[in-house]
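Subject: Structure handover and findings

Hello,

Here is the structure for your set-up work. Please open it alongside this note. My findings follow below it.

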Amino acid sequence: MTQTLKTKVLIIGAGTGGYVAGIRCGQLGLETVLVDASPGLGGTCLNVGCIPSKAIIHAAGKYETVAKAAGDGTLGITASTPAVDLSKTVEWKDGVVKKLNAGVAALLKKAKVKVIKGWADFSDAKTCTVKTDDGDVRITAEHVILATGSEPVELPFLPFGGDVISSTEALSLPKVPKKLVVVGGGYIGLELGIAFRKLGAEVAIVEMAERILPLYDKALTDPVAKWLEKHGVQLLLGARAGGFGDGKLNVTDKDGNPMQLDADKVLVTVGRRARTKGWGLENMGVAMNGPFVKIDNRCATSMKNVWAIGDLTGEPMLAHKGSAQGEVVAEIIAGHDRVFDPTTIAAVCFTEPEIVSAGLGPDDVKGRDDVIQAVFPFAAIGRALAIEAGEDGGFVRVIASKSDHRLLGVQAVGQHVSELSNSFAQMLEMGAVLEDVAGTIHVHPTLGEAFHEASLRALGHAIHI
């Protein structure tokens, strides 16, 4: 027997976009049903992405710290040679995820959002059937918010399965692989490759482009490349992966020469694609923008009262973008006058060292004579030296308009710089000028002082360089 439901708002997907939209809808008094097929609420980010990967990265950093203290020691600290039981690390990571799953569930319940576990299948733009453990549920809605997220891209000659894994499986390995080959030198591959190198794996990275993290400028990625070289990570640039079998991955190097890499596991991280298949998108009549659902600056699709948010709508595929869009759509449905028009969406790579980029970068302003650029190294910041964060070539860079000094972009590379990302985004969003940053008294000793000094340097009077 099929149960029938009618609701004001129907949300498909409980990732960072969908569940935030649901909570905000509930706060605004909108009757809301949220449908999600995942085992735990929170989508890719919370279950198999942002949160668990940062937990594993954190554990790997702890292990590396103890490993440094073995032998001759570090900073006057000595320790015995460490060992890692990755299954216990994964168990701890899973505990973090479950705690957050429960938190999201509690927040949705508080907001009076009805959550239905199951996979939705749309027959038209406002009607779907959800197959649940208790039978089918047919839902019709006045408004539909699509937040189905994204999934890893699979290479036809390296299908997932067995020892060929995606980031999802990499985050739940029972033991550290002796030899790990990462196909793809973007942020996901590098974050996990570096973490496993810290945990003791021999790591090789195969990247088609001529350098790692090709979406970031070379000055930002050079410190990461130096870390990889220093720690014995084999880097094959301009190379193409082939098939895998008998513990060997076929690779063609940049000169066209065939070679084989030994691998216990092959981690494929060549990108993510919008999840558009399997839930009836083709029956909804919405316009597409290539592989993504086309939206306007209100996150509205071409179909009236059908909205789309998050990875489904294209780059940047970032959790915080989806959350912000979810809030905007909920408020629009409630009658508020809102648009999604951020000045910037900052991005972070949790590599070693970390990278932050907000706004325009040097490649975006290449050849322009109407901008100012200034860089300040962490090597001149006391806090950075005191926590061993000033010796890896890290820096903060500001880019501003020469005429009115308005900030156009801020970037940084260095240990712990992810914590500066919100300061960078806030200054850009508020339309700050260099004098605003320079005139803000920055706390000493902190890494944020490098932002202050970079802005002073752009004005021609840095203090500590």
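First, a term: a nonpolar core is a set of buried Ala, Val, Leu, Ile, Met, Phe, Trp, Tyr and Cys residues joined through side-chain atoms within 4.5 Å. Buried means under 20% relative accessible area, exposed over 50%, and partly exposed in between, with a 1.4 Å probe and protein chains only.

The ground rules come next. This is a predicted model, in which local features need pLDDT of at least 70 and side-chain atom pairs count only at pLDDT 80 or more, while totals for chains, interfaces and linings use all residues. Residues are numbered from 1 along each chain as its sequence is written, and side-chain values use heavy atoms, with hydrogens and water left out.

**Cores**

The largest nonpolar core has 36 residues. Those with the most contacts inside it are Phe-196, Val-203, Ile-205, Tyr-216, Leu-228, Leu-267 and Ile-355. Elements are DSSP runs numbered from the N terminus: helices are H or I with at least four residues, strands are E with at least two. Those giving two or more residues to this core include α3 (50–69), α4 (86–110), β10 (202–207) and β20. Helix α6 gives the most, with 5 residues.

Contact means heavy atoms within 4.5 Å. Leaving aside neighbours within four places in sequence, Tyr-216 is in contact with Arg-211, Thr-221, Ala-347, Val-348, Cys-349, Ile-355 and Ser-357. A second, separate core has 31 residues, including Ala-346, Val-356, Ala-358 and Ile-381.

**Sheet and its helices**

Strands pair if DSSP finds at least two bridges between them. An open sheet of 5 strands runs β20-β21-β24-β23-β22, with antiparallel pairing. Its edge strands are β20 (347–349) and β22 (371–377), each pairing on one side only.

Strands β23 (residues 395–401) and β24 (residues 407–414) are joined by 6 bridges. Ile-399 has Gly-409 in β24 as its bridge partner.

Angles run from 0 to 180 degrees between N-to-C directions; axes are lines fitted to C-alpha atoms, for helices over the stretch in contact. Helix α10 (residues 421–429) lies across β20, β21 (354–359), β23 and β24, at about 175 degrees to β24. Helix α12 (residues 449–458) packs on the sheet too, touching β22, β23 and β24. Its direction makes about 135 degrees with that of β22.

**Helix pair**

Helices α3 and α4 pack at about 140 degrees, with axes 10 Å apart. From α3, residues including Ile-51, Pro-52 and Ile-56 meet α4 residues, among them Thr-89, Trp-92 and Val-96. This contact has 9 nonpolar, 2 polar and 1 charged residues. Here Ala, Val, Leu, Ile, Met, Phe, Trp, Tyr, Cys and Pro count as nonpolar, Asp, Glu, Lys and Arg as charged, and the others, Gly among them, as polar.

Thr-89 sits in helix α4. Thr-89 is buried, because its relative accessible area is 15%. Beyond its neighbours within four places in sequence, Thr-89 is in contact with Ile-56, Ala-59 and Val-84.

**Hairpin and loop**

Strands β13 (residues 248–252) and β14 (residues 258–262) pair antiparallel over 5 bridges. Thr-252 stands opposite Pro-258 in β14. The hairpin has 5 residues between the strands, and Gly-256 takes a positive phi near 85 degrees.

Lys-304 lies in the loop between β18 (292–293) and β19 (306–308). Lys-304 counts as exposed, because its relative accessibility is 66%.

Best wishes
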